[in-house]
Amino acid sequence: MSTITQVEAPAVRARQVKVTLKTEQPALPDINTLRKAIPPHCFQPSVLRSMSYVVRDVLMAGALVYGALTFIPSVANPAYRTLLWVAYGFLQGLVGVGIWILAHECGHGAFSLHRHLNDFVGWVLHSALGVPFFSWKFSHARHHRFTGHMQKDMAFVPKTSPSYFVRSVAGALNSFLNLEVLEDAPFVNLIRLLGQQLGGWQVYMLLNATAGEDSMQKDAKWWRRSHFDPFSGVFRPQEALYILISDIGLALVGAGLYYAAQALDWQTVFLLYGVPYFWINHWLVAITYLHHTHQDVPHYDGDRWTFVAGALATVDRDFGFIGRHVFHGIIDTHVVHHLFSRIPFYYAEEATKAIKPLLGDLYHSDDHSFMGSLWEASRSCQYVENDPTNPGVLKWAQ
């Protein structure tokens with residue numbers, strides 16, 4: 001593995017980092033030891049079982065569309081009709097996340113043991129949701145390969161100084177507020193979260209935002225880092241054909257939406273598809289963000305990073321019934337997923353229980369309110385600083 005030069009955090013206002021001093025760092029377990037602790041059947045996905053979840057989720061989505069088109073227009077009261085459309089968008093967004101996760105299983109090879117089946121099902125499901133399947137599959141695999149790596153991770157690599165937005169506002173208001181007060185201001189946190197949750201997915205797809213500086217496969221200007229460009233710097237040359245196939249899937253879905261708008265009207269199509277689209281992306285951005293953002297979770301410079309260290313720098317969280325039965329447990333079992341991404345979601349809880357005794361304090365979980373945690377993480381986890389007691393490890397600034 002090539003050595004990455006350590007990146008020092010830029011000089012900014014001095015802040016203290018809370019550090020728990022330990023006489024020695026916990027030893028990281030060997031990946032093969034963890035694998036042997038997991039029952040072998042957990043690595044054997046069932047085509048029938050996986051497909052049954054696809055059928056279930058697609059039927060739920062279809063039932064919601066049928067119900068919306070059949071009953072909502074007949075409601076005479078505009079206020080009630082609006083409330084029903086809001087409820088539809090929210091519920092369809094939840095179901096859409098479940099479908100998204102099934103395509104995610106396909107991308108990891110956890111849907112079945114058959115690569116072509118995985119690719120076809122994943123391409124169909126993700127295309128239907130407006131996601132370029134192969135583009136995401138390739139970049140997401142590199143996120144798993146380099147999780148927690150400050151230079152090479154592909155998603156939610158933290159800043160090493162306060163954000164440009166906070167620094168700009170602080171510069172304009174420096175006569176009234178200092179930077180630390182502004183960083184913690186609820187209004188600033190609200191603006192930061194709204195931007196992330198409403199536009200974070202689109203910016204990532206278009207510009208590869210939040211990826212590490214050495215995550216690119218080749219040098220490319222900022223406008224050539226799109227997940228839709230077959231010749232983007234995000235991808236290797238041999239992947240270009242698959243990116244084109246992803247774009248064809250999106251074009252087919254776009255054509256379908258166009259003809260649906262001709263048959264109905266664009267407002268109805270937006271309510272049926274557009275509103276759930278934003279809900280789906282909100283949930284997925286929040287889930288990914290909270291899996292990798294927590295005060296107890298470190299990040300690593302290249303010299304200190306290892307695959308196991310990065311995989312364990314993730315957090316299992318709880319989202320109750322919806323998380324387990326609609327989102328297919330993706331929120332609850334993310335640690336084992338990063339260690340062994342080919343384990344299907346319906347065996348992930350069993351696999352988690354098998355490795356937890358070996359991980360001990362290296363296993364991170366948080367059962368606080370999901371939405372409350374989203375607010376708190378955005379407020380308290382804004383950038384990382386070098387841990388003075390542990391060179392090469394970066395912790396969230398306090």
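Where is Phe-156 found? Phe-156 is in the loop between H5 and helix H6 (164-172). Helices here are DSSP runs of H or I with at least four residues, numbered from the N terminus. The model is predicted, local features need pLDDT of at least 70, side-chain atom pairs count only at pLDDT 80 or more, and totals for chains, interfaces and linings use all residues. Residues are numbered from 1 along each chain as its sequence is written, and side-chain values use heavy atoms, with hydrogens and water left out.

Most residues other than glycine have a negative phi. Phe-156 has a positive phi, near 55°. With 18% relative accessibility, Phe-156 counts as buried (under 20% relative accessible area; exposed is over 50%, partly exposed in between, with a 1.4 Å probe and protein chains only). His-328 also has a positive phi, near 60°. His-328 sits in the loop between helix H12 (320-326) and helix H13 (334-339). At 2% relative accessibility, His-328 is buried.

Two packed helices are described by the angle between their axes and the distance between the axes. Helix H5 (residues 133-145) packs against helix H9 (residues 240-263) at about 135°, with the axes 6 Å apart. Axes are lines fitted to C-alpha atoms over the stretch in contact, and angles run from 0 to 180 degrees between N-to-C directions. H5 and H9 are therefore oblique to each other (under 35 degrees is roughly parallel, over 145 roughly antiparallel, 65 to 115 roughly perpendicular, and the rest oblique). On H5, the contact (heavy atoms within 4.5 Å) involves Phe-133, Phe-134, Ser-135 and Phe-138. On H9, Tyr-242, Ile-243, Ile-245 and Ser-246 take part.

Aromatic pairs number 27 in the structure. Rings of Phe, Tyr and Trp (its six-membered ring) pair if their centres lie within 6.5 Å; planes under 30 degrees apart are stacked, over 60 edge-to-face, and the rest tilted. The rings of Trp-100 and Trp-136 have centres 5.5 Å apart and planes at 80°, so this pair is edge-to-face. Trp-100 lies in helix H3 (residues 78-108) and Trp-136 in helix H5, 36 residues apart. Both Trp-100 and Trp-136 are buried. Phe-134 and Tyr-242 form a tilted pair, 5.2 Å centre to centre, with 55° between the planes. Phe-134 belongs to H5 and Tyr-242 to H9, so the pair ties together parts 108 residues apart in sequence. Phe-134 is buried, with a relative accessible area of 6%. Tyr-242 is partly exposed, at 32% relative accessibility. One aromatic cluster includes Trp-100, Phe-134, Trp-136 and Tyr-242.

Notes. Helix = DSSP H or I, 4+ residues; strand = E, 2+ residues; numbered from the N terminus.
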